[in-house]
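Biologist: Please take a close look at one part of this model. Go element by element, and give the cut-offs as they come up.

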Amino acid sequence: MKILLIEDDLMIGQSLSQFLKGEGYAVNWCQNGKSGSEAIKVETYELVLLDLGLPDISGLEVLNNIRAAKIMTPVLILTARDAIDDRVAGLNAGADDYLVKPFALAELEARVRALLRRTTGHTNSILSNGEISLDTVSKILHFREAAFTLSAREYAVIYALMESPGKVWSRAQLEERLYGWQEEVESNAVEYHIHQLRKKLGTEAIINIRGLGYRVKKS
Ligand code: CA
């Protein structure tokens, strides 16, 4: 899952990026509103985390730009405690949820998960195709009788595959889901993570379609 973070505060931006990466999200971070408004147009994101108090144009303006461009990516706004009018204006302008600063990282992640669930049409926190189930809260993977813990990248790969079982993901699409701007992608990274997952699941659960990519069985 790739998240666009638009936040000018260096400490908050760094801690959010680091935390989300550790949880298996790829993060692209913009430190002002104009670059954020541009970034959303050139890449696909599953979610935008938008600070409303930005140095150049306001977060509300960024939100208006996003929605005016007919981009329906869910937006979670981050606001100051006393900014009730901003929160209301944000929700009216098409934000999907908000968090008041300072917030607990665990709450942020729960809200991110809830928004992602809504947009992918899943009603609960387990992604399953009948054979593999992925618990998106504990991040534990169940396969047959066994349960596995995953690295952040392994989680990101299997999450993508399990989001829509049967859909084929190319290496490039998975890479885009896995890595943010600051991260260098090793050339065989996706194959490596697939290999690690296959060590847990055996070779049949993740299917390689030669020349096209990877998928899991349709439920
Ligand atoms: Ca700010």
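Modeller: Two strands pair if DSSP finds at least two bridges between them. Helices (H or I, at least four residues) and strands (E, at least two) are DSSP runs, numbered from the N terminus. The model is predicted: local features need pLDDT of at least 70, side-chain atom pairs pLDDT 80 or more, while totals for chains, interfaces and linings use all residues. Numbering starts from 1 along each chain as its sequence is written, and side-chain values use heavy atoms, without hydrogens or water.

Start at strand β7 (residues 132–135). It runs antiparallel to strand β8 (residues 141–143), and 3 bridges join the two. Within this pair, L134 faces L141 of β8. Both strands belong to an open sheet of 4 strands, ordered β6-β7-β8-β9, with antiparallel pairing. β6 (126–128) and β9 (146–148) are the edge strands, and each pairs on one side only. From one strand to the next, the twist averages 20°.

The axes of α6 (residues 152–163) and α8 (residues 189–201) come within 9 Å and cross at roughly 80°. The two are therefore roughly perpendicular (65 to 115 degrees; under 35 is roughly parallel, over 145 roughly antiparallel, the rest oblique). From α6, the contact takes R153, E154, V157, I158 and L161. From α8, it takes H193, I194, Q196, L197, K200 and L201. These contact residues split into 6 nonpolar, 2 polar and 3 charged.

Helix α7 (residues 171–178) touches both. Its residues L174, R177 and L178 are buried (under 20% relative accessible area, 1.4 Å probe, protein chains only; exposed is over 50%, partly exposed in between). Seen down the α7 axis, the buried residues fall within an arc of 95°, so they line one face of the helix. They pack against α6 and α8, and also against β1 (2–6), β2 (26–30) and β11 (213–216).

β1 and β2 sit in an open, parallel sheet of 5 strands, ordered β2-β1-β3-β4-β5. β2 and β5 (97–100) have a single partner strand each, so one side of each is left without a neighbour in the sheet. Here too the twist averages 20° from one strand to the next. Strand β4 (residues 75–79) runs parallel to β5, joined by 4 bridges. L76 has D97 in β5 as its bridge partner.

Note on methods. Axes are lines fitted to C-alpha atoms, for helices over the stretch in contact, and angles run from 0 to 180 degrees between N-to-C directions. Contact means heavy atoms within 4.5 Å. Ala, Val, Leu, Ile, Met, Phe, Trp, Tyr, Cys and Pro count as nonpolar, Asp, Glu, Lys and Arg as charged, and the others, Gly among them, as polar. The arc is that of the directions from the helix axis to the C-beta atoms.
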